[in-house]
Amino acid sequence: MKILYFAWLRERLNRSEDEFDVPNSVSNVDELIDWIGENDEAAKMAFENKKLIRAAVDEKIVEHDYSIAGAKTIAFFPPMTGG
Amino acid sequence: MQSEVFNPGDETNRFIEQADGAGAAVTFTGLVRSSADNPTKRMTLEHYPALAQSQLENMASEATKRFKLLKVTIIHRFGMMHPNEPIVQVMALSPHRQAAFDGANFIMDWLKTDAPFWKYEETPDGAKWVEAKAIDDKAKDKWKA
């Protein structure tokens, strides 16, 4: 599974993407955030305030309870500031 | 979407040439702001290309359907830009003015909170990511009917 990071999340992690074999027990976006943080102190810190984390699963913006089963690409980013 | 600077007047003229029976064209241009109180040296817009493209298309088609617009064009830049340069232009054509005003307004309110772009501002005091504003969420919410 490919994970993308944008804006200050990318800066805090010092990388723009990861490629992970995510276990099937990790079922939704919220659990994926916790799973990434388990083995990575920088990610744990960056994801600390989950209210500030937005997510997209296969290029669709979703809530944190959205299933990641079968997903190819998951993106994490701060609230958007376009326009 | 493009990184190059564009000419808002030229884009407006090109858009209006396609009017074909429309009675109203509304265009909005967003600029890189820099004031004496709040000076900006330059701004960089990071984006998520695939998602940004689909979100802008969704917003354009939703606005077209909702306000019965004849045509919508959205131009959005990414990358580095300087004060007074245009960032975004939204243009709407409709038979009568109110729908064109509302359509452009609707798209801008959605774009602020739902298009995956992130502003990074460089000022004389340092650089920072622009924080999302609660007022922008409120502006979007007014269209929920």
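Strand β1(B) and strand β5 (residues 86-94) of chain B pair in the antiparallel sense over eight bridges. The model is predicted.

**The three-stranded sheet of chain B**

The strands belong to an open, antiparallel sheet of three, ordered β1-β5-β3 in chain B. The edges are taken by β1 (24-31) and β3 (71-76) of chain B; each has a single partner strand, so one side of each is left without a neighbour in the sheet. From one strand to the next, the twist averages 5°.

Two helices contact this sheet. Helix α1 (residues 8-16) of chain B packs on it and touches β1, β3 and β5 of chain B. The direction of α1 makes about 20° with that of β5(B). Helix α3 (residues 97-114) of chain B lies across β1, β3 and β5 of chain B. It runs at about 145° to β5(B).

**Chain B as a whole**

Chain B holds four helices and seven strands. Along the sequence they follow the pattern α-β-β-α-β-β-β-α-β-β-α. The radius of gyration of chain B is 16 Å, close to the 15 Å that the globule rule gives for 145 residues, so the chain is as compact as a globular protein of that length.

Contacts in chain B with a separation of 6 or more are 78% between residues 24 or more positions apart. Other values for the chain follow.

| Property of chain B | Value |
|---|---|
| C-alpha trace span along principal axes | about 50 × 35 × 30 Å |
| Buried residues | 44% of the 145 residues |
| Accessible surface | about 7,800 Å² |
| Accessible surface on carbon and sulfur atoms | 50% |

**The interface with chain A**

How much area do chain B and chain A bury between them? The figure is about 1,700 Å², with 61% of it on carbon and sulfur atoms. The contact takes 25 residues from chain B and 19 residues from chain A. On the chain B side, Y48(B), W118(B) and W129(B) lose the most area to chain A. Together they account for 37% of what that side buries.

**F77(A)**

Two of those chain B residues, Y48(B) and W118(B), touch F77(A). This phenylalanine lies in strand β5 (residues 73-77) of chain A. Is F77(A) buried or exposed? It is buried, with a relative accessible area of 0%.

Which residues does F77(A) touch, leaving aside those up to four places away in sequence? From chain A they are F6(A), L9(A), L52(A), I53(A), R54(A), A55(A) and A56(A). From chain B they are Y48(B), L51(B) and W118(B). F77(A) and A56(A) are 21 residues apart along the chain, and their C-alpha atoms are separated by 8.6 Å.

**The five-stranded sheet of chain A**

Strand β5 of chain A also has a place in an open sheet of five strands, in the order β2-β1-β5-β3-β4. The pairing there is mixed. At the edges stand β2 (17-19) and β4 (61-62) of chain A, each with a single partner strand, so one side of each is left without a neighbour in the sheet.

Strand β1 (residues 2-5) of chain A pairs with β2(A) in the antiparallel sense, over three bridges. I3(A) stands opposite D18(A) in β2(A).

How values were computed
Residues numbered from 1 in each chain as written. Chains lettered and ligands numbered in written order. Predicted model: local features only at pLDDT ≥ 70, side-chain atom pairs only at ≥ 80, totals over all residues. Heavy atoms only, no water. Pairing = 2+ DSSP bridges. Axes fitted to C-alpha atoms, helices over the stretch in contact; angles between N-to-C directions. Contact = heavy atoms within 4.5 Å. Rg over C-alpha atoms; globule rule 2.2 N^0.38 Å. Buried < 20%, exposed > 50% of the residue type's maximum accessible area, 1.4 Å probe, protein only. Areas by Shrake-Rupley, 256 points an atom, 1.4 Å probe, with all protein chains shown as cover. Buried area = accessible area lost by both parts, 1.4 Å probe.
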